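Hello,

Here is the structure we talked about handing over. Please have a look, then read the notes below.

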Amino acid sequence: MSTILIVVGLFLAGGVYSFSKQKMPKGLIVLLTIASVMCLLAGVLRLQGIWE
């Protein structure tokens, strides 16, 4: 599960980069950034065994 969260987080981070290059609305970029950080953080915490 942690690997899936990390992959989803990286995918969303790539989306943020792509959207910022295409001059997409700032609200969408902020929303994707928050989602990617949450997925990456959850995946890392699961790998560390802190959050089960």
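**What was found**

The protein chain has 2 helices and 0 strands. Please keep in mind that this is a predicted model.

**Overall picture**

The chain has 52 residues, and 21% of them count as buried. Its accessible surface is about 3900 Å². Carbon and sulfur atoms hold 74% of that surface. Now the contacts. Taking those with a separation of 6 or more, 62% join residues 24 or more positions apart.

**Helix α1**

α1 runs over residues 2–21, which makes 20 residues. From first C-alpha to last, α1 reaches 29 Å. That is close to the 28 Å expected at 1.5 Å a residue.

Which residues of α1 are buried? They are Ser2, Leu5, Gly9, Leu12 and Val16. These residues cover an arc of only 85 degrees around the axis, so they sit on the same side of α1.

What covers the buried residues of α1? The cover includes α2, residues 26–48.

The other side of α1 is where Thr3, Ile4, Val7, Leu10, Phe11, Tyr17 and Lys21 are exposed.

Just after α1 comes Lys23, with a positive phi of about 60 degrees.

Start with Leu5. Is Leu5 buried or exposed? Its relative accessible area is 16%, under the 20% cut-off, so Leu5 counts as buried. Leaving out residues up to four places away in sequence, Leu5 touches Cys39, Leu40, Ala42, Gly43 and Arg46. Take Arg46 from that list. Leu5 and Arg46 are 41 residues apart in sequence. In space they are 9.2 Å apart, C-alpha to C-alpha.

Now Phe11. Its relative accessible area is 64%, over the 50% cut-off, so Phe11 counts as exposed. Phe11 and Ala42 are 31 residues apart in sequence. Their C-alpha atoms are 15 Å apart in space. Ala42 is also one of the residues that Leu5 touches.

**In short**

Leu5 is on the buried list of α1, whereas Phe11 is on the exposed one.

Best regards

How values were computed: Residues are numbered from 1 along each chain as its sequence is written. This is a predicted model: local features need pLDDT of at least 70, side-chain atom pairs count only at pLDDT 80 or more; totals for chains, interfaces and linings use all residues. Side-chain values use heavy atoms; hydrogens and water are left out. Helices (H or I, at least four residues) and strands (E, at least two) are DSSP runs, numbered from the N terminus. Buried means under 20% relative accessible area, exposed over 50%, partly exposed in between (1.4 Å probe, protein chains only). Contact means heavy atoms within 4.5 Å. Accessible areas come from the Shrake-Rupley method with a 1.4 Å probe; for residues, only the protein chains shown count as cover. The expected span of a helix is 1.5 Å times one less than its number of residues. The arc is that of the directions from the helix axis to the C-beta atoms.
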